[in-house]
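Visitor: I have a few quick questions on this one. Can you walk me through it?

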Amino acid sequence: MTEIRIVQNVLKHNDEIAAMNRQRLRDAGVFCIDLIGSPGCGKTSLLEATLRRLHSRINIGIIAGDLATDRDAKRIQACGAKVVQINTGKGCHLDANQVRHALDEIDLAGLDLLIIENVGNLICPVGFDLGQDAKVGMFSVCEGDDKAAKHPHLVRVADLLLLNKTDLMKYVRFHPATFREDVEKLNPGVEMIELSATEPKIDRWLDWLLSKTQAAHDLTSADIPVPVGTTKELSDAR
Ligand SMILES: Nc1nc2c(ncn2[C@@H]2O[C@H](COP(=O)(O)OP(=O)(O)O)[C@@H](O)[C@H]2O)c(=O)[nH]1
Ligand SMILES: [Mg+2]
Ligand SMILES: [Zn+2]
C-alpha cells in the first residue's frame with residue numbers, strides 16, 4: 001500500500017511540474033513534442049534531417065535525453081539548433097522536473113518548436129508527462145513488425161506514430177500490413193508516417209510539424225486554456 005502511495009505521489013508531483021512547463025511553453029507560443037522510441041530507431045537522425053530542412057524557416061530547440069555522453073547534442077548542434085543535453089545516469093526516462101531545468105537554459109521567446117528526444121526506451125517514458133503538446137512514438141522496420149503489439153502503451157498514447165528506416169524494408173522481414181493492423185487496433189485512426197531519416201524521405205513529417213507549429217502559434221494568440229497533465233501509471237495508460 002505504502003509503495004503504491006509513493007508512486008502516486010511521484011506521478012502527481014510530476015504532473016504539477018508538467019503543467020507548469022506546458023503553461024510556459026504555451027505562453028511563449030512554442031509547440032512541444034516528446035519523441036519516444038527505442039535506442040537506435042533513428043531519433044537523432046530524424047532531428048538532424050529535420051533541422052537541416054527547417055532551420056531557415058522556423059526556430060527549433062532540442063532537449064536531448066540520454067543516460068550518458070553529449071554525442072547527440074553535438075550532432076544536433078552541428079545542424080545549427082539550440083540544444084540542451086540531459087544525462088540521466090541510470091534513469092531510463094526524462095521527467096518533468098529535468099525538463100523544467102532544461103527550459104531555464106533556453107530562450108523560449110525565440111522559439112517556435114521544441115523537440116524533446118527522450119531516453120531510448122519504449123516503456124517508461126510513456127507514463128511521464130513532460131508538458132509536451134504531442135507524444136510522437138517512433139519505431140523502425142529493423143525492430144520487427146510485432147513491436148507495436150508488444151508495446152501497446154506507447155501506441156495508445158501517441159498523437160503520431162513514425163515508422164523509420166523504410167529504405168531497409170527489402171533487407172528485413174517486416175510486413176507493413178501486420179504493423180498497421182496492430183496500430184489500428186490499439187489506437188484507431190492515429191496518424192502514421194512512414195519515413196527514412198537518412199535518405200532523407202521525411203516530407204510528410206515536415207508538413208505535420210509545420211502545421212502543428214503554426215496551430216500552436218495561433219492558439220497562443222487566441223488565449224485558449226492549457227489542458228491538465230497526462231502522467232499515468234503504465235498499467236493505467238488505458
Ligand atoms: N538505413 C537507415 N539507417 C538509419 C535511418 N535512421 C537512422 N539510421 C541509422 O541508425 C543508427 C541509429 O540512429 P540514431 O539516430 O543515433 O538513433 P537514436 O538512438 O534513436 O537517436 C545510425 O547508424 C543511423 O545512421 C534510416 O532511415 N535508414
Ligand atoms: Mg539519439
Ligand atoms: Zn524509466
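Visitor: Is K165 buried or exposed?

Guide: K165 is buried, because 24 other C-beta atoms lie within 10 Å. Buried takes 20 or more other C-beta atoms within 10 Å of the residue's own, exposed 12 or fewer, and partly exposed is in between, with C-beta atoms placed from the backbone. One caution: this is a predicted model, where local features need pLDDT of at least 70 and side-chain atom pairs count only at pLDDT 80 or more, while totals for chains, interfaces and linings use all residues. Residues are numbered from 1 along each chain as its sequence is written, with chains lettered from A and ligands numbered from 1 in the order in which they are written.

Visitor: Where is K165 found?

Guide: In the loop between β6 and α7 (176–186). Helices (H or I, at least four residues) and strands (E, at least two) are DSSP runs, numbered from the N terminus.

Visitor: What is the phi of K165 near?

Guide: Near 65°, which is positive, and K165 is not a glycine. Most residues other than glycine have a negative phi, and most peptide bonds are trans.

Visitor: Which loop holds T69?

Guide: T69 sits between β2 (60–66) and α3 (71–77). T69 also has a positive phi, about 75°, without being a glycine. T69 counts as exposed, because it has 11 C-beta neighbours inside 10 Å.

Visitor: Where is the cis peptide bond?

Guide: From E199 to P200, with omega near -10°. P200 is in the loop between β7 (191–194) and α8 (203–222).

Visitor: OK, the sheet. What is the strand order?

Guide: β3-β2-β4-β1-β5-β6-β7, an open sheet of 7 strands with parallel pairing. Two strands pair if DSSP finds at least two bridges between them.

Visitor: Which strands stand at the edges?

Guide: β3 (82–87) and β7. Each has a single partner strand, so one side of each lacks a neighbour in the sheet. Neighbouring strands are turned by 20° against each other on average, direction ignored.

Visitor: How many residues of β1 are buried?

Guide: 7 of its 7, over residues 31–37. F31, I33, L35 and G37 point one way, and C32, D34 and I36 point the other way.

Visitor: How many bridges join β1 to β4?

Guide: 5, with β1 running parallel to β4 (residues 113–117). F31 has L113 in β4 as its bridge partner. Another 5 bridges join β1 to β5 (residues 134–140), also parallel. There, I33 is partnered by A134.

Visitor: And which residue of β6 stands opposite G137?

Guide: L161. β5 and β6 pair in the parallel sense over 5 bridges. F139 has L163 as its bridge partner in β6. On to β7: 4 bridges join it to β6, again parallel, and L162 stands opposite I193.

Visitor: How many residues of β6 are buried?

Guide: 4 of its 5. N164, in β6 (residues 160–164), is buried, with 27 other C-beta atoms within 10 Å.

Visitor: What does N164 touch?

Guide: C41, G42, L46, M138, S140, L195, S196 and A197, leaving out residues up to four places away in sequence. Contact here is C-beta atoms, placed from the backbone, within 7 Å. A109 is another matter: its C-alpha atom is 32 Å from that of N164, and the two are 55 residues apart along the chain.

Visitor: Switching to helices. At what angle do α1 and α4 pack?

Guide: About 30°, with axes 8 Å apart, for α1 (residues 2–27) and α4 (residues 96–104). That makes α1 roughly parallel to α4. Axes are lines fitted to C-alpha atoms, for helices over the stretch in contact, and angles run from 0 to 180 degrees between N-to-C directions. Under 35 degrees is roughly parallel, over 145 roughly antiparallel, 65 to 115 roughly perpendicular, and the rest oblique.

Visitor: Which residues meet there?

Guide: From α1, N14, I17, A18, M20, N21 and R24; from α4, A96, N97, V99, R100 and L103. They divide into 6 nonpolar, 3 polar and 2 charged. Ala, Val, Leu, Ile, Met, Phe, Trp, Tyr, Cys and Pro count as nonpolar, Asp, Glu, Lys and Arg as charged, and the others, Gly among them, as polar.

Technical notes:
Contact = placed C-beta atoms within 7 Å.
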